[in-house]
Amino acid sequence: MGDLAANMAAAIRDGGALPKMPTGLTLEDAYALQKKVVAAVSDGTVAGLKAGMTAAAGQQAFGLTHPLIGSLYESGRLAPGATFQSAPGVSLECEIGLVVDEDGAPKTAGPVIEVPRMAFADEEDRNGANLVACNIASDRYIVGEQRPLRDSYGDVQITLTRDGEEVCSAPASDALGGPQAALAWMLNEARERGLGVEDGMLLITGACGGIHPAVPGHYVADYGDFGRIEFTVT
């Protein structure tokens, strides 16, 4: 698995296609492989955690019955106003990110756009275990302004537009029932999978409004009074 992890990490760093994945990878083996891949890509610096496959439709497409957890690379962090290129497998997700302390207690929250990259070279490799192994396609993410924690995010409606046309609109509760419930699941899953939580980490809680290809255009993610993020895909 050592050579496989190194080759996967190189593909993630260089924007290339993943190597052919082994058949019959179990979920436990996949999470062990994920740790090796993340360590190689991040050089030991992990910025936070991400919830993935939080929607039932996505789970079904990958043969899953539950969400997944992965890590965020410090090198993938982008600021609002960022410009990046469209490419095969690059997608956009509207999320809420929580900054936590060393115990996992949330300190602040803000809008986040995740920019994952699905890089399987073979369509037959698109299954849940392999998705875990490649760190749930983690790549880049745009972090909006962090704000004081709210008691509830039930009134937050998220709308993503491209060149003025609506891409999606969904409530903040769309991912695992909302940020608070998603955080509770993530902290429990992190403990189960041996993933550490440190003070200042960013935890992004899952896609609100689905996953969308990064088609070129100017995007505005409007979270109402919770904030907004603008960015451009070329």
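Guide: Start with a cut-off: two cysteine sulfur atoms within 2.5 Å of each other make a disulfide. By this rule the count here is zero disulfides. The model is predicted, so local features need pLDDT of at least 70 and side-chain atom pairs pLDDT 80 or more, while totals for chains, interfaces and linings use all residues. Residues are numbered from 1 along each chain as its sequence is written, and side-chain values use heavy atoms, with hydrogens and water left out.

Visitor: How far is the sulfur of C168 from the closest cysteine sulfur?

Guide: A disulfide is a covalent bond between the sulfur atoms of two cysteines. The closest sulfur to that of C168 belongs to C94, at 4.5 Å, which is too far for a bond.

Visitor: Is C168 buried or exposed?

Guide: Relative accessible area decides, with a 1.4 Å probe and protein chains only: under 20% is buried, over 50% exposed, and in between partly exposed. C168 is at 7%, so C168 counts as buried. C134 is buried too, with a relative accessible area of 4%.

Visitor: Where does C134 turn up in the lining of a cavity?

Guide: Rolling a probe the size of a water molecule over the atoms shows where empty space is left. The grid has 1 Å spacing over the protein atoms alone; a cavity is a set of points where a 1.4 Å probe fits but cannot get out, a pocket is an open set with protein on both sides within 12 Å along at least five of seven lines, and lining residues have an atom within 4 Å of a point. Points are joined across faces, edges and corners, and the volume is the space filled by probe spheres set on them. Across the whole structure, the search finds one cavity of 30 Å³ or more. The largest cavity holds about 80 Å³ of space. C134 lines the largest cavity, together with I12, L18, R117, A119, A137, S138 and D139.

Visitor: How does the lining of the largest cavity divide by class?

Guide: Ala, Val, Leu, Ile, Met, Phe, Trp, Tyr, Cys and Pro count as nonpolar, Asp, Glu, Lys and Arg as charged, and the others, Gly among them, as polar. The lining of the largest cavity has five nonpolar, one polar and two charged residues.

Visitor: What is the volume of the largest pocket?

Guide: The largest pocket has a volume of about 400 Å³. Its lining counts 27 residues, of which M53, E93, M118, A207 and I211 are the closest to the centre. Helices (H or I, at least four residues) and strands (E, at least two) are DSSP runs, numbered from the N terminus. At least two lining residues of the largest pocket come from each of β1 (46-52), α3 (56-61) and β5 (91-100). By class, that lining has 13 nonpolar, eight polar and six charged residues.

Visitor: How much space lies in the second largest pocket?

Guide: About 200 Å³. The second largest pocket is lined by 13 residues, with V38, V46, S71, G196 and M201 the closest to its centre. Both α2 (27-42) and β1 supply at least two of the lining residues. The largest share, five residues, comes from α2. The lining of the second largest pocket divides into six nonpolar, five polar and two charged residues.

Visitor: What is the order of the open sheet of five strands?

Guide: Strands of a sheet pair through backbone hydrogen bonds, either parallel or antiparallel. Here two strands pair if DSSP finds at least two bridges between them. The open sheet runs β4-β14-β13-β9-β10, with mixed pairing. β4 (83-84) and β10 (165-171) stand at the edges with a single partner strand each, so one side of each has no neighbour in the sheet. β9 (157-162) and β10 run antiparallel, joined by six bridges. In that pairing, R162 stands opposite E165.

Visitor: Which strands does β7 pair with?

Guide: Two bridges join β7 (140-143) to β3 (77-78), and these strands run parallel. There, L78 stands opposite I142. β6 (106-115) and β7 run antiparallel, with four bridges. E114 has Y141 of β7 as its bridge partner.

Visitor: How many aromatic pairs does the structure hold?

Guide: A pair of aromatic rings is described by the distance of the centres and the angle of the planes. Rings of Phe, Tyr and Trp (its six-membered ring) pair with centres within 6.5 Å; planes under 30 degrees apart count as stacked, over 60 as edge-to-face, the rest as tilted. The structure holds four aromatic pairs. F84 and F231 are stacked, because their ring centres are 5.9 Å apart and their planes lie at 10°. This pair links distant parts of the chain, from F84 in β4 to F231 in β14 (228-233), 147 residues apart. Y219 and F231 are also stacked, with centres 5.0 Å apart and planes at 0°. Y219 is in β13 (217-222), twelve residues from F231.

Visitor: Are Y219 and F231 buried or exposed?

Guide: Y219 is buried, with a relative accessible area of 2%. F231, at 1% relative accessibility, is buried as well. F84, Y219 and F231 form one aromatic cluster.
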